[in-house]
Amino acid sequence: MSLLESARFALAGVAANKLRSVLTTLGILIGIAAVIVLLAVGAGTSNAIKAQIGKLGTNVLTVSRSTSVGGRAGAGTAVSGTRTRSTNLTLDDEKSLTDPVLAPDVARTAPIVQAQGVTGTYNNATHSVASFLGTTAPYFTISNSTVAAGSLFTDADQQGAAPVAVIGATVASDLFGASTASAVGQTIQLNGQNFTVSGVLTAKGSSGLNDPDDIVVVPLSTAQSKFTGYAPTLASITVQAASADVMNQAQNELQMILDARHGVDATNRDYQIRNQAQILTTATNTTQTLTILLGAVAAISLLVGGIGVMNIMLVTVTERTREIGIRKAIGASRGSIVAQFLIESLIISVIGGVAGIVIGFTGSAFPVLGVQPEVQPWTVWLSLAVSAVIGLVFGVYPANKAAKLRPIDALRYE
């Protein structure tokens, strides 16, 4: 008997029990759809995290104040035989990081001071500002900040300690309502002091518990004169590397310069550097682990679907025992019987796989918990291959059982 004829018998067997065949394909359909959707959610989450980190700046390193305890002598206060070193990041530190000889991989830097408890008011509207920064013009380039309306403050504003402010979209909407562009040129009060809004930043979108749009940025000199005072200490220094490829080199250069200036080394540094590339790598690894776990959960449903296929094929073999006996009696070979039931199992699995792919694509078109799933092309081909493999693997035993039946025993079966 030819393979084509075996396929014809297999199709007839599937069509003879339509409802049972449809119910059997559901197990494969659900498993394949779950694999595609869950992997798409994992990929979408990873992309969302990368995009959110990218919105906070490109190739960014942040030098921040910290307190470490070590045994070396130096500036600090002795505590139980050890020394507590407290960082004093200064404008001189910031300027030293732009040395083209010592730090060739640093593109630009921006010093930052912060004030807490700043409240903005306009007419009868008030807003408690989450992040109030005093900095210089390069900060906006480093942090990928652009204006949706108005303009950023300039170096001249910084030199003249001008009372101007660039506000985030959240601040603008709370103070001025939906028409945030109307904020430009208006005078707002920040802790009772008048500031002219020079620009409204383009919205970056919320990132979990933090809202990067809930921000007010003023010139460094203005923040020092009106809020923080002219103390030499900075809250942090934001640094942009020349490219993504030299992030680690730039970090090493920063450490070399600051170690020399602060009289510290790797064992007792009184500052810390956050590397955006390392943060991105950690986040990516976390989402990859999450994706693998999601895929494993979906794979369990596929396994259950495969067991369902085997169960139905065993029932089919039992029901068609007499048919098998007649076919063997008139000359059908063992290979033909095996091929017929393998093809039947394969048809059920592939139909379920194709339907699962369609459902998976449809389900991935809708956001899940705020994340837009992104279907990976390789998951589609993998799903189709897996459905075919399931049909073959879980169809082998029933097919062999059918092929081993003795014609005389099969014909006597009631």
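Author: What follows is a short exchange about terms and the reasons for using them, and it concerns a predicted model.

Reader: What makes Leu220, Ser221, Thr222, Ala223 and Gln224 in helix 7 count as buried?

Author: Buried means under 20% relative accessible area, and these five names, from Leu220 to Gln224, are listed as buried in helix 7, which spans residues 220–228, so each of them falls under that cut-off. Their cover includes helix 3, strand 5, strand 8, helix 5, strand 12 and strand 13. After helix 7 comes Gly229, with a positive phi near 80 degrees.

Reader: Why are strand 6 and strand 7 said to pair?

Author: Pairing needs at least two bridges between two strands, and four bridges join strand 6 (residues 119–122) to strand 7 (residues 125–128), therefore the two strands pair, and they run antiparallel. Within this pair, Gly120 stands opposite His127. The two strands form a hairpin with two residues between them, and Asn123 in the turn has a positive phi of about 55 degrees.

Reader: What is Ile167 in contact with, beyond its neighbours within four places in sequence?

Author: Contact means heavy atoms within 4.5 Å, and the partners of Ile167 include Phe176, Ile188, Leu201 and Val216. Ile167 is also among the residues with the most contacts inside the largest nonpolar core, which has 42 residues.

Definitions and conventions
Residues numbered from 1 in each chain as written. Predicted model: local features only at pLDDT ≥ 70, side-chain atom pairs only at ≥ 80, totals over all residues. Heavy atoms only, no water. Buried < 20%, exposed > 50% of the residue type's maximum accessible area, 1.4 Å probe, protein only. Core = buried A, V, L, I, M, F, W, Y, C linked by side-chain atoms within 4.5 Å.
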